[in-house]
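Morning, everyone. Let's take a quick tour of one structure. Please look at the screen.

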Amino acid sequence: MTDIRETAAVVATEPGATADAVSTAALGMGVKPLTPTKLAWRRFRRHKLAMASAVILLVIVVMCTFAPLFTKYSWNTLIRNPSGGLERFLHPQHGHWLGTDELGKDWYTNVLYGGRVSLEVGVMAALASTFVGTIIGVAAGYYGGWLDNLLMRITDLFLAIPLIVSLILLTGLPANEPWARTLFGPSQSVRSVTTIIALFFWMPVARILRGLVLSLKEKEFVEAARAAGASDGRIMFRHLIPNCTGQIIINTTLSVAAAVLLEGALSYLGFGVDPVKTPTWGNLLAHAQGQTQLLPALTYGPGIALVLTVLCVNFVGDGLRDALDPKQLSV
Amino acid sequence: MADTSLANLLQSSESADTRPALGERVLEIRDLNVTFKTEDGPVYAVRGFDLDLDAGEVLGIVGESGSGKSVTMLAVLGLLPRTAQITGSVKFRGEELIGRKPKELQAIRGEKIAMIFQDPLTALNPVIRVGKQITEALRAHHTDLDQREAMGRAVELLDSVGIPRPEVRVMQYPHEFSGGMRQRAMIAMMLANDPQVIVADEPTTALDVTIQSQILELLKSVQERTRTAVAFITHDLGVIAHVADRVQVMYAGRAAELSSADVLFHRSRHPYTRGLLASLPSLTGRTGRLLPIVGAPPSMLNPPPGCAFHPRCPNAQGKCAGEQPPFDPIDGDPKHRIACYFPVSADGPQT
Amino acid sequence: MLRFTIRRLLWSIPVLIAGSFLLFVALHMGTDPVKAAVHHNVSPEALAKYKHQLGLDKPLVVQYLIFLGNFFRGNFGISYTTQNPVWPDLRTALINTIVLAFAAAAVYITIGVAIGIISAVRQYSVFDHVTTTLAFIGLALPPYVFGLFLIVWVTTGYEHWFHTSQPLLDVLGGVYAPTTQGFDLADRAKHLILPVMVLSVQEIAVYSRYMRTSMLETLNSDYLRTARAKGISEKRVIFRHAFRNALIPLTTFAAIDLGALAGGLIITEAIFNYQGMGLYFLRNYAQTDYPALLPWMMIVIIFVVVFNLLADLSYAWLDPRIRLD
């Protein structure tokens with residue numbers, strides 16, 4: 001706005017300046033408007049905790065994804081001492097930051113590789129459920145009628161059943177039913193756990209999107225688009241969904257945190273990813289519980305990694321919520 | 001309409017102070033500044049505003065959204081959020097209100113100075129019965145009243161504002177009332193303690209046009225009966241024509257023009273006021289293009305320097321961007337003041 | 001109001017039936033008790049006969065209807081594994097879980113709501129910032145992490161005395177043995193401390209955030225400004241207007257949350273070996289004990305449905321605008 005002031009002052013003192021010139025100049029030369037994205041980024045930067053969390057999260061993701069760069073062992077390598085015996089229950093020390101477990105596996109390595117899986121499940125489940133949930137929710141909200149009714153009844157039903165129970169029962173399916181094996185993946189695999197979690201997560205997403213679309217549907221810009229001849233699909237994809245992107249992004253982020261927690265719970269109970277196949281933070285915690293008396297680091301490693309990750313994701317989600325304030329983005 | 005019962009009612013209620021004499025200055029605002037602390041920086045909602053209100057008159061306060069008209073009166077009552085920084089002086093019958101302790105302000109609100117709000121649907125608590133909300137107002141200031149007596153008064157009050165079957169209505173919830181009736185109920189609630197000043201903040205804006213005139217009539221009759229001072233905030237000049245004795249035009253947190261209603265509609269001098277008048281569609285007379293005021297109201301984060309209106313003003317010249325023009329009398333009439341270096345000529349198209 | 005109640009009640013029944021049927025199907029498809037019952041080489045004919053005896057060769061819908069009929073006649077059957085009636089064990093588990101759930105709920109709801117109110121009224125104060133950060137941390141501490149951490153802390157104090165740590169854990173975890181005579185309140189309470197702590201960490205965070213949001217909404221509402229404009233005391237404004245209105249969505253939320261506790265404490269009970277509905281489910285699921293599991297599922301869903309109904313009803317009772325439904 002300083003620009004207006006300066007320009008107005010400059011224009012006003014020029015000889016021959018007329019009132020019209022001053023006002024038009026002042027009006028015409030506005031400050032370059034910031035795009036919503038830039039505005040959002042600026043607001044996000046202000047949220048210090050979110051910024052710090054984003055950085056920490058990045059570190060965690062990098063370390064887990066590129067685990068081989070950060071550890072020279074594999075998760076199931078058995079550490080042996082020079083005389084060939086197994087190095088079991090080593091205390092945390094240089095070279096073995098979190099010690100070793102009862103079989104001699106390096107725990108720090110396990111936490112890294114475990115993180116890979118936990119994060120993968122979290123992110124993929126969140127993305128898949130958001131994708132499916134958005135499409136169904138928008139369609140239900142837009143078309144209304146039987147589609148909407150069906151959606152509400154189905155989600156009512158599934159949300160009535162306690163989540164953990166449903167998840168546990170479903171994880172048992174691939175072992176017994178071939179169709180479940182093709183649909184979900186092999187029993188107790190990363191793929192099956194991801195799919196099953198996503199199978200429940202799409203429902204709250206759909207309900208939220210449906211609600212958003214219901215309120216947006218009545219706004220003038222939708223009527224205008226329809227009057228201009230836009231097809232239903234076009235309205236949904238080019239007008240409605242873009243106005244929900246803020247909410248969608250926030251939801252997805254928070255879903256990641258929830259999915260990571262859920263995977264942890266399932267794997268802890270033994271229904272999640274099979275520890276024989278690969279570690280995850282959840283099954284590492286279960287493993288550690290048997291050893292707590294001897295080596296607390298076994299619990300703290302995966303425990304703190306999990307809590308820190310979820311915490312950072314939630315802070316980032318909160319920062320996004322501030323940045324993508326619905327008042328700024330939607331009509 | 002039971003006008004007599006309202007008058008009786010009001011005469012029978014006690015108040016600690018005596019009512020002001022006709023013409024006595026009840027509200028005096030000097031150099032009021034209200035700044036809001038926000039994430040994006042300070043927002044200067046009210047900048048150096050003066051106002052006088054006398055007993056028995058209706059002062060209309062006109063302005064666009066963001067002109068600061070509501071904020072001013074909310075500041076008077078101390079109803080602004082904690083992010084608001086208020087400086088200046090607001091005197092109610094000689095007593096300074098700025099800086100008073102909350103408990104003291106509570107005694108004044110609802111009893112000496114009452115405020116009627118814009119949207120009665122959101123301004124009334126949706127889960128409490130209307131009668132209870134009225135008795136709450138009564139018993140806050142008359143602690144000797146018990147609930148039964150208070151309820152009786154509430155019924156009388158609802159009756160006095162023209163609500164049929166008040167004994168039934170008093171037990172109902174706000175959403176069971178129609179829009180106009182809700183506003184009547186709000187008025188009844190705020191009049192319950194016989195205030196000396198009524199601030200009406202856009203009371204008819206949220207209502208249908210037909211209901212609007214009913215409510216305006218109600219307010220006028222109340223005011224005529226009780227000779228209360230009324231500050232009527234609105235953006236609608238048509239309403240002003242209906243009810244106001246004097247008019248204060250506000251723009252961007254400052255006073256633009258002050259005059260009697262008659263003078264305003266026939267001999268206004270401020271370009272902004274003229275702009276407002278010119279943009280009114282005329283139901284009689286020639287049809288033509290509507291003349292909106294060019295541009296948009298300024299952002300109060302960074303108000304324009306000098307006269308706030310100059311970016312949109314057809315008369316603006318260099319001086320206008322420099323220093324804020326003083327709010328001085330014009331045309332030799334001390335009751336007619338404007339803040340403008342290059343006022344519009346006295347003649348010209350009017351409404 | 002009565003019509004509203006009846007309508008909601010009628011709607012609950014199909015949800016109950018459909019939900020329990022889905023679980024029934026999921027259970028049957030995901031497990032095979034016949035497979036589980038095979039200890040040594042058994043001929044296929046014997047297996048088939050066993051299956052027939054248990055009624056497992058009938059179509060699923062029929063099996064479900066038989067179960068449903070039995071359930072509502074109070075006949076819960078005999079456990080596959082213990083060969084004892086199902087109900088006594090199930091009842092004990094149910095009571096234990098209810099005790100834990102309500103003890104924990106009493107703690108975390110009161111504390112959470114109190115924190116939420118103060119945070120909202122004193123928004124942006126030091127208290128608000130501190131509790132907000134703590135709430136975020138609490139949300140990230142699921143029972144299986146915090147519980148394990150607690151156990152580690154409790155036991156590593158006795159790191160060198162491996163044998164001494166066991167009794168300490170027994171004291172604080174689990175439930176007293178079912179053979180204990182009578183009802184010992186002190187003993188019960190002792191065993192509740194750790195599970196309640198673990199549950200509360202996350203739940204206090206949830207409730208305080210929820211209450212804070214709800215409270216902020218009412219505090220910024222128009223009717224609150226009107227209330228202040230009437231000149232009533234600030235205390236009354238906060239309690240009679242802001243708090244009362246903010247309580248409405250919270251009550252609904254709490255009702256639904258409570259309903260989910262019957263089957264929702266699986267993890268917490270597993271960590272501390274608490275003999276409630278959670279452990280009951282895990283144990284019998286591992287042994288594919290259908291007669292033990294099916295009534296369990298029914299009870300869990302009944303709890304959810306009943307509490308959801310209560311949530312709807314309480315909302316309508318507290319908010320008169322809804323009753324026009």
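Let's begin with chain B. Keep in mind that this is a predicted model. Chain B splits into domain 1, made of 54-81 + 94-112 + 196-351, and domain 2, which is 122-194. How far apart are the centres of domain 1 and domain 2 of chain B? Taken over C-alpha atoms, 30 Å lies between them. The two domains touch: domain 1 of chain B gives 11 residues to the contact, and domain 2 of chain B gives 13. On the domain 1 side, 7 residues are nonpolar, 2 are polar and 2 are charged.

Now for chain C and its contact with chain A. Here, 38 residues of chain C meet 31 residues of chain A. Several helices of chain C each supply at least two residues to that side, including H1 (2-30), H6 (126-139) and H15 (290-318). Which helix gives the largest share? That is H1(C), with 9 residues. By type, the chain C side has 28 nonpolar residues, 9 polar and 1 charged.

Stay with H6(C), and look at its partner H9(C). H9(C) covers residues 185-219. The axes of the two helices come within 8 Å and cross at roughly 130 degrees. H6(C) and H9(C) are therefore oblique to each other. The crossing is left-handed. Who meets whom? From H6(C) come C:Thr131, C:Ala135, C:Gly138 and C:Leu139. Their partners in H9(C) include C:Val201, C:Ile204, C:Ala205 and C:Arg209. The residues of this helix contact divide into 6 nonpolar, 4 polar and 1 charged.

That's the tour. Thanks.

Conventions
Residues are numbered from 1 along each chain as its sequence is written. Chains are lettered from A and ligands numbered from 1 in the order in which they are written. This is a predicted model: local features need pLDDT of at least 70, side-chain atom pairs count only at pLDDT 80 or more; totals for chains, interfaces and linings use all residues. Two residues are in contact if their C-beta atoms, placed from the backbone, lie within 7 Å. Helices (H or I, at least four residues) and strands (E, at least two) are DSSP runs, numbered from the N terminus. Ala, Val, Leu, Ile, Met, Phe, Trp, Tyr, Cys and Pro count as nonpolar, Asp, Glu, Lys and Arg as charged, and the others, Gly among them, as polar. Domain bounds come from an automatic or database domain assignment. Axes are lines fitted to C-alpha atoms, for helices over the stretch in contact, and angles run from 0 to 180 degrees between N-to-C directions. Angles under 35 degrees count as roughly parallel, over 145 as roughly antiparallel, 65 to 115 as roughly perpendicular and the rest as oblique. A crossing is left-handed if the near helix is turned anticlockwise from the far one by less than a right angle, and right-handed if clockwise.
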